[in-house]
Structure formats: C-alpha cells, structure tokens
Amino acid sequence: MNVSIIAAVARHNAIGRNGDLLFHLSPDLKRFKQLTSGHTVIMGRKTFESLPKGALPNRRNIVVSRSADRTFEGAERAVSVADAIRMASEAGESEAFIIGGGQIYAQALPMADRLELTYVEAEAPDADTFFPEVDPSQWEETASDGPHLDPKSGLTYVFVCLSRK
C-alpha cells in the first residue's frame, strides 16, 4: 500500500492558522477531492474537528487520537499514525492519504512514499502550523503542474508530486 501525504504549503512551510487552512484555493480543493476520493484519509483530531461538514464523503476517515474514550462521527479512531496505516493496509487499501495536521505530517513523513504538495507563493506571518522539512536527498520530483494563478485570490501556486528515492 502506498502512503501519500497531501498538503498546501506556503512559504516557510506554513500550512495553517487557528485550526484552519491558510488558503482556500478552489483548484487545490478540487485536486484534493479527486486524489483522495475512494481512499482512506488519515488525520489528527484537530484536523477532523476543522472539517466543516464532518467526515469526508466517499473516503474512509481515520482519526489519530490517543484518547480511548473519544469517538468521531463517520470516522474510526487509531492510536497512532502507524496504527492508522496498518488499519488501511489490512483493509486492502491501495493508497492512504495523510491530510494533517502538522504533528501528524511530521509523524507520517518517514513512512510516506509520496508527497502531493501544492506550493503557494505567499507569506503567512501569522501561521501557527507548519509542514515538516523535506530532505531533498530522500525525495525526487516526479510531476509538476504550474505555476497557476488563482483569479479569486491572486495567489500563484504549483502542484508538485515528490516520490521517495
């Protein structure tokens, strides 16, 4: 089973602010839906709680939480990222996507096979959540699409796929 991390990353590896995404770029959100639909998505509790409509439809949702008494409507609970990946693998999943947040990304990076990143050319000085550093000696760019200009926000972004060497 492939383990993929998917994230939108601004300058200085910024990814979030106050429990929300930094940017809501329609093409990025559409790409997220297209790539993750039909697969397992793995996230932390805060990311799950930030989803506007709860569990993501057409996907198996697994929330990583150490709290044994916590339940998440429409989602399963795993005690660790490794446990969530094991659950997806044992279910015969071909690919699982790690969708956040910062701590979950950091824990998952050593286990990931692929990174599906949207690099947003923007500063986010008030960001409070960050993507882990990606060691270029361990990853190679296998696809890139862009730069694109989002007409709504005026932001420039590039879709990049990195695969583990």
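These legends go with several close-up views of a predicted model.

**View 1. Helix α3 and its covering elements.** Helix α3 spans residues 81-90, and its buried residues are V81, D83, A84, I85, M87 and A88. An α-helix has 3.6 residues a turn, so residues three or four places apart point the same way. As you look around the buried residues of α3, you will find that their cover includes strands β1 (2-9), β4 (40-44), β5 (60-64), β6 (75-78) and β7 (95-98), along with helix α4 (102-108). After α3 comes G92, with a positive phi near 85 degrees.

**View 2. The cis peptide bond from G100 to G101.** Here omega is near 0 degrees, and the bond from G100 to G101 is cis. To find your bearings, look for G101 in the loop between β7 and α4.

**View 3. The cis peptide bond between G146 and P147.** G146 and P147 are joined by a cis peptide bond with an omega of about 15 degrees. P147 sits in strand β10, which covers residues 139-149.

**View 4. Positive phi at H12.** Most residues other than glycine have a negative phi, and most peptide bonds are trans. H12 is not a glycine, yet its phi is positive, at about 65 degrees. H12 is exposed, because its relative accessible area is 62% and the cut-off for exposed is over 50%.

**View 5. Positive phi at N18.** N18, another residue other than glycine, has a positive phi near 50 degrees. The loop between β2 and β3 (20-21) holds N18. With a relative accessible area of 67%, N18 is exposed.

How values were computed:
Residues are numbered from 1 along each chain as its sequence is written. This is a predicted model: local features need pLDDT of at least 70, side-chain atom pairs count only at pLDDT 80 or more; totals for chains, interfaces and linings use all residues. Side-chain values use heavy atoms; hydrogens and water are left out. Buried means under 20% relative accessible area, exposed over 50%, partly exposed in between (1.4 Å probe, protein chains only). Helices (H or I, at least four residues) and strands (E, at least two) are DSSP runs, numbered from the N terminus. Contact means heavy atoms within 4.5 Å.
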